[in-house]
Number of protein chains: 2
Amino acid sequence: MAYDKSAVRKILDQAKAANRTSLTAPEARGVCEAYGINIPKEGVAKTAEEAVKLASQIGFPVVMKIVSPQILHKTEAGGVLVGVKSAEAVSEGFGTIVGNARKYDPKADILGVQVQQMLAGGQEVIIGAVTDPAFGKLVAFGLGGILVEVLKDITFRLAPATNEDALSMLDGIAAAEILRGVRGAKAVDRAALAGMIEKVSKLVADFPEISEMDLNPVFATQEGATAADVRIVLDFKPQVVRERLSTEEILAKMNRIMKPDAVAVIGASAENGKIGNSVMKNLINGGYQGAIYPIHPTATEIMGKKAYKSVKDVPGAIDVAVFAIPAKFVAKALIEVGEKKIAGAVLIPSGFAETGNVAGQQELVEIGKKYGVRLMGPNIYGFYYTPKNLCATFCTAFDVKGKAALSSQSGGIGMAIIGFSRSAKMGVSAIVGVGNKSDIDEDDLLTFFEQDDNTQIIAQHCEDLKDGRAFAEVAKRVSKKKPVVVLKAGRTSLGARAASSHTGALAGNDKIYEDVFKQSGVIRARSLRDMLEFARGIPVMPTPKGNNVVIITGAGGSGVLLSDACVDNDLSLMAMPPDLDAAFRKFIPPFGAAGNPVDITGGEPPTTYQNTVRLGLEDPRIHALILGYWHTIITPPMVFAKLMVEVVQQMKAKGFEKPVVASLAGDVEVEEAAEYLYQHGIPAYPYSTEIPVAVLGAKYKWARGAGLIPPV
Amino acid sequence: MAYDKSAVRKILDQAKAANRTSLTAPEARGVCEAYGINIPKEGVAKTAEEAVKLASQIGFPVVMKIVSPQILHKTEAGGVLVGVKSAEAVSEGFGTIVGNARKYDPKADILGVQVQQMLAGGQEVIIGAVTDPAFGKLVAFGLGGILVEVLKDITFRLAPATNEDALSMLDGIAAAEILRGVRGAKAVDRAALAGMIEKVSKLVADFPEISEMDLNPVFATQEGATAADVRIVLDFKPQVVRERLSTEEILAKMNRIMKPDAVAVIGASAENGKIGNSVMKNLINGGYQGAIYPIHPTATEIMGKKAYKSVKDVPGAIDVAVFAIPAKFVAKALIEVGEKKIAGAVLIPSGFAETGNVAGQQELVEIGKKYGVRLMGPNIYGFYYTPKNLCATFCTAFDVKGKAALSSQSGGIGMAIIGFSRSAKMGVSAIVGVGNKSDIDEDDLLTFFEQDDNTQIIAQHCEDLKDGRAFAEVAKRVSKKKPVVVLKAGRTSLGARAASSHTGALAGNDKIYEDVFKQSGVIRARSLRDMLEFARGIPVMPTPKGNNVVIITGAGGSGVLLSDACVDNDLSLMAMPPDLDAAFRKFIPPFGAAGNPVDITGGEPPTTYQNTVRLGLEDPRIHALILGYWHTIITPPMVFAKLMVEVVQQMKAKGFEKPVVASLAGDVEVEEAAEYLYQHGIPAYPYSTEIPVAVLGAKYKWARGAGLIPPV
């Protein structure tokens with residue numbers, strides 16, 4: 001539909017000229033009409049006679065409300081009458097309302113009384129909009145009354161929202177069933193409701209000065225949706241416009257930084273224990289094959305490499321400079337880095353914003369901008385990029401190469417990533433510390449890893465997002481190609497914020513992150529281990545081609561727990577077709593249970609696992625397998641593991657490729673079996689029924705978010 | 001208050017005599033009156049004139065409802081009129097209702113029309129009761145309307161419920177806040193509401209034939225609670241009375257079984273690979289010092305022990321017989337075991353109820369009962385009791401002694417317990433397989449472990465409870481002394497059940513387990529790993545003396561994630577008092593953050609950890625510590641670990657003993673450090689911020705459930 005932007009502009013300009021921070025009811029009505037948002041028939045009466053005339057045109061009963069720019073809380077002011085049924089009552093009501101309003105605020109300008117068609121019936125919902133410091137404009141949807149207020153059952157999307165986004169919001173609340181009609185009520189008109197959400201989201205996106213908006217309640221019926229009350233809050237303060245680089249600009253620098261041909265170490269040292277010494281050692285011992293230039297005020301050579309006083313003295317080009325000098329010397333060296341046209345500065349030093357030295361950090365940002373130097377950090381451990389054997393960090397060298405790229409905002413979490421990766425033999429393409437994020441942040445990394453053939457999955461730990469909207473936009477694009485896992489810390493500290501609208505007051509930080517991540521196809525990790533296990537497990541498995549999951553288990557007890565975990569992780573256990581059920585039954589003892597889980601029972605030889613798993617891989621109706629192994633003398637752990645790898649590889653050669661995960665119940669030998677399985681593409685865990693299923697669930701979440709398979 | 005049981009008995013006898021399965025409204029009213037359950041003023045009219053007279057006495061408006069034993073769904077039958085305002089309308093309504101009812105069911109006996117005081121205002125809630133196959137009578141509470149029906153926001157307790165139980169139900173629903181008054185509404189009269197719950201629970205406990213009951217809606221206001229509608233469903237089928245042994249009877253046998261002086265192995269074998277051979281090896285190699293009697297039809301000696309044809313041939317007394325013979329021979333041998341007055345039979349063989357051979361299993365149960373032999377299994381791996389070096393199982397011997405007693409219904413899960421325990425060096429007192437639970441079940445084990453000084457914590461995996469009520473009663477008693485952890489599998493398969501009441505239809509199996517476990521002080525594990533980690537971690541820590549938890553962390557990033565985990569696990573981060581804040585600040589760098597978490601920052605020497613942790617242990621306002629370690633060169637992992645153990649032990653010697661857990665972020669060396677910490681009483685985990693907090697959370701859950709510290 002066509003939106004009448006100029007009508008809205010005129011109303012907002014009026015309000016701005018009058019120095020107002022909210023719209024009057026007639027103004028809000030005008031805004032809604034301009035954007036095709038359904039509102040009740042109504043008009044404003046300046047006298048009791050006008051009110052009676054209006055009410056007769058609209059039809060009884062009517063609602064009457066005071067109109068005054070100073071009175072926002074009309075009910076509190078005694079300025080609302082509901083269900084006014086006759087001309088007489090309207091006439092009398094006019095006097096009452098105006099009188100109450102005068103008493104409530106003697107200084108208020110009273111512009112008249114709004115006479116409005118009375119809505120009732122259907123389901124009351126709330127549609128609103130807020131401005132979030134990280135994500136900007138968001139549209140919100142929830143059910144009216146206690147469901148939103150007590151149970152906080154509300155959902156958000158970035159504005160403008162697509163029609164698909166809007167429809168997903170109707171299913172995005174816990175009480176979604178109510179909209180489909182319960183207790184004899186009719187289902188609501190979903191298209192009308194989604195349409196209204198879309199229009200509100202477009203409106204606030206088009207007019208940034210609309211800082212908060214409430215349509216509350218909206219009456220949703222089977223025939224449509226009408227907003228009974230509209231509140232629009234304004235903020236004319238100039239918006240902070242975040243600078244954004246184009247993808248090309250980002251990549252031009254990020255490719256040089258992450259895959260440099262030459263690295264300078266500012267503050268390189270031959271002295272053990274110094275950070276500049278650790279960095280040099282890691283570069284050399286890590287096997288980096290590019291040029292390494294130690295920068296030192298006096299030394300002529302450090303660890304066999306010719307040293308220079310300044311990067312400017314180095315004869316060749318340099319791609320990245322790693323800083324290992326105290327905070328107070330960084331700015332001067334960074335100017336030289338700029339003059340040398342180095343693409344990036346890896347700012348290991350601390351002593352900036354994290355210690356309160358905001359000005360010092362701002363100085364670096366300005367130097368970086370002036371010279372076009374991208375800054376990583378400050379206050380970081382540096383970074384690894386294993387395809388180039390590059391360990392630009394003071395931590396220990398890392399050499400377990402693979403396809404997972406990880407980053408962390410915190411140094412401690414970075415160390416946990418390194419330790420876990422090494423211990424679990426998780427193949428890594430990169431580990432990056434972003435620290436204070438003075439410049440390079442999560443979306444720059446996503447942009448680089450998107451086009452980096454050495455990376456298949458990106459996992460990021462963050463505590464905040466500098467520019468949530470940029471992140472969401474990039475993540476939405478990248479997650480279509482590669483899984484993006486995010487561990488958002490601080491999720492339980494709901495941001496209490498000052499808000500003058502209902503929706504605003506309900507916008508707890510974490511719910512917004514939750515919804516925007518979902519809207520962007522991001523897999524949210526609930527814990528550090530989850531993030532690490534997802535990064536490890538997701539890339540080793542093929543992508544499922546559909547939602548049908550089958551459990552094949554030797555231990556009935558594991559089967560039950562694996563089924564529980566499937567429900568917890570939104571996996572869909574296939575209803576076993578009779579012919580397939582019969583086919584499985586052929587391979588298992590008569591007292592085993594087919595159906596799903598397929599319970600092959602505990603005392604079975606390797607062939608039973610082999611036959612059933614082969615069938616599971618072969619049948620095209622099954623899309624993923626979960627194996628429950630039970631340690632017995634007849635089928636020892638490594639026999640099972642080797643056989644499973646063999647079957648999976650045989651079937652892969654025949655073109656049947658499906659994700660398979662395994663839960664191993666048994667004595668300590670199952671640990672070796674789990675490792676063998678993992679190394680051969682089957683994420684497997686000893687003593688756990690829940691982790692393998694969670695890893696498969698994360699893969700499914702990604703595949704569904706990327707549109708590769710339908711939602712369940 | 002006095003309950004008029006004889007009045008209820010009379011009404012129920014009437015209904016029974018008439019072969020009815022539900023009560024009429026006047027009967028239900030009589031039942032409520034007898035138990036002091038508030039109901040509206042009302043009466044039954046047989047004619048329109050009577051109805052008018054009644055309505056005038058009660059006061060208008062009134063509600064009118066058809067009274068017919070055959071018509072349960074009155075609204076559907078057009079048998080309800082609400083808000084009838086005048087004598088005329090009552091008179092007319094009488095005809096309408098009776099007419100509708102006749103049309104709806106021409107065969108229905110129409111006893112009249114109920115005329116009732118119309119209730120409105122306040123909060124609508126539901127109070128009900130159901131009969132659960134495992135738990136028997138349960139009382140239910142929820143909010144009326146969509147909250148219960150769509151969001152399933154309902155809570156259960158075993159009936160009869162104490163007043164404390166009833167009050168806890170008001171807080172046990174998600175929307176609890178509503179009862180405290182929201183959006184200008186008044187808080188409800190909690191005592192009145194809890195009183196009504198208590199009375200309903202007493203009623204159904206007193207009269208087992210009341211199988212389901214609904215008070216729906218109950219209008220709860222600030223002055224009281226009145227049940228507007230009552231439905232009572234009856235079931236006169238004789239109740240299955242479960243036999244229960246007294247604690248003394250259970251212990252007399254269980255002590256002999258778990259701590260035997262002599263063990264017979266029926267089906268002992270010298271042949272490798274046979275189950276009877278594995279059992280013999282495990283008994284001997286496990287180091288069991290009691291007498292071992294191999295039973296074999298022909299052999300005279302097995303593995304150096306004199307063999308007998310039958311247990312009856314053994315000269316001395318025998319406490320327990322381990323069966324390692326095929327199913328078909330078990331009954332005969334069990335009779336001999338009975339004749340020999342052996343206390344228990346460990347029935348390893350499968351081939352009973354789990355394969356459909358229910359009769360075979362029943363035969364064993366009857367033999368067991370006849371001779372007073374307690375049966376473990378059948379279909380189990382056997383059991384371990386490490387204080388006696390007893391490995392009465394065909395699995396591998398187990399020797400990591402400690403204080404955790406575990407059991408599993410599934411053999412596979414049993415193997416996972418063994419593997420995890422060995423790998424994690426979890427000290428174990430017992431591991432028991434209960435399998436088909438033909439006799440010995442979870443509550444027998446609880447009763448034994450309660451008085452077993454070698455056991456400090458009991459962790460049980462189960463898929464169902466044979467007698468949920470017995471379990472709950474025993475668990476409630478035992479959990480006051482020792483933590484009881486339960487992994488209830490099958491929690492996501494909600495039991496769909498046929499029910500003729502509202503409450504009945506809402507009684508999903510898992511919610512009942514959830515609530516009864518809570519009522520019984522049981523810590524519910526959400527996953528297999530959780531159960532194992534809780535069993536490992538809880539006994540090594542002292543019990544906290546209060547709810548104030550403080551995080552001390554080297555990594556700010558870990559601090560944020562640890563705080564998230566505290567919220568997830570209902571731990572209460574102490575608001576740091578100013579003097580304590582100042583005291584912590586003395587030890588940390590100026591840019592570190594005190595408050596809670598105490599962020600000592602990353603580059604600190606061991607003394608900073610030492611000073612802050614010592615302070616945390618010393619100050620009596622702090623009750624538990626969570627440590628976040630960050631691997632650095634200055635404070636390497638083992639230096640940290642040894643120092644922490646030293647500080648904790650020093651402070652313990654001074655009388656300051658508090659639970660401490662640790663999260664270690666770092667390279668692989670942190671694994672060794674975590675193990676060292678664990679072995680010295682500090683549950684510690686590498687690469688995880690969530691597991692240590694979950695373990696501390698479980699300890700707190702127990703301490704709160706046992707009444708050792710107040711709820712938060």
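This is a predicted model: local features need pLDDT of at least 70, side-chain atom pairs count only at pLDDT 80 or more; totals for chains, interfaces and linings use all residues.
**View 1. Helix α9 of chain A and what covers it.** Eight of the eleven residues of helix α9 (275-285) of chain A are buried, so this helix is largely enclosed by the rest of the structure. Buried here means that 20 or more other C-beta atoms lie within 10 Å of the residue's own, exposed that 12 or fewer do, and partly exposed that the count falls in between, with C-beta atoms placed from the backbone. Helices (H or I, at least four residues) and strands (E, at least two) are DSSP runs, numbered from the N terminus. After α9(A) comes G287(A), with a positive phi near 95°.

**View 2. The loop that holds S86(A).** Look between β3 (80-84) and α4 (87-104) of chain A to find S86(A) in its loop. S86(A) counts as partly exposed, because it has 14 C-beta neighbours inside 10 Å. G59(A) is 27 residues from S86(A) in sequence, yet the two C-alpha atoms are 9.5 Å apart in space.

**View 3. A four-stranded sheet in chain B.** The strands of this open sheet follow the order β1-β4-β2-β3 (chain B) and pair antiparallel; two strands pair if DSSP finds at least two bridges between them. At the edges are β1 (42-45) and β3 (80-84) of chain B, each pairing on one side only. On average, neighbouring strands of the sheet are turned by 20° against each other, direction ignored. Four bridges link β1(B) with the antiparallel β4 (112-117) of chain B, and E42(B) stands opposite Q116(B) in β4(B).

**View 4. Two helices packed on that sheet.** Helix α2 (25-34) of chain B touches β1, β2 (62-67) and β4 of chain B, and its direction makes about 115° with that of β2(B). Helix α4 (87-104) of chain B touches β1, β2, β3 and β4 of chain B, at about 30° to the direction of β2(B). Axes are lines fitted to C-alpha atoms, for helices over the stretch in contact, and angles run from 0 to 180 degrees between N-to-C directions.

**View 5. Where chain B meets chain A.** Here 65 residues of chain B are in contact with 64 residues of chain A, contact meaning C-beta atoms, placed from the backbone, within 7 Å. Elements giving two or more residues to chain B's side include α5 (146-149), α12 (411-423) and α17 (528-537) of chain B. The largest share, ten residues, comes from α12(B).

**View 6. The axis between the chains.** Chain B superposes on chain A through a rotation of 180° with 0.1 Å of shift along its axis (RMSD 0.3 Å). That is the relation of a two-fold axis. Of the residues of chain B, L147(B) comes closest to the rotation axis, at 4.1 Å (C-alpha).

Notes. Residues are numbered from 1 along each chain as its sequence is written. Chains are lettered from A and ligands numbered from 1 in the order in which they are written. Copies are superposed by least squares on the C-alpha atoms of residues with pLDDT of at least 70 in both.
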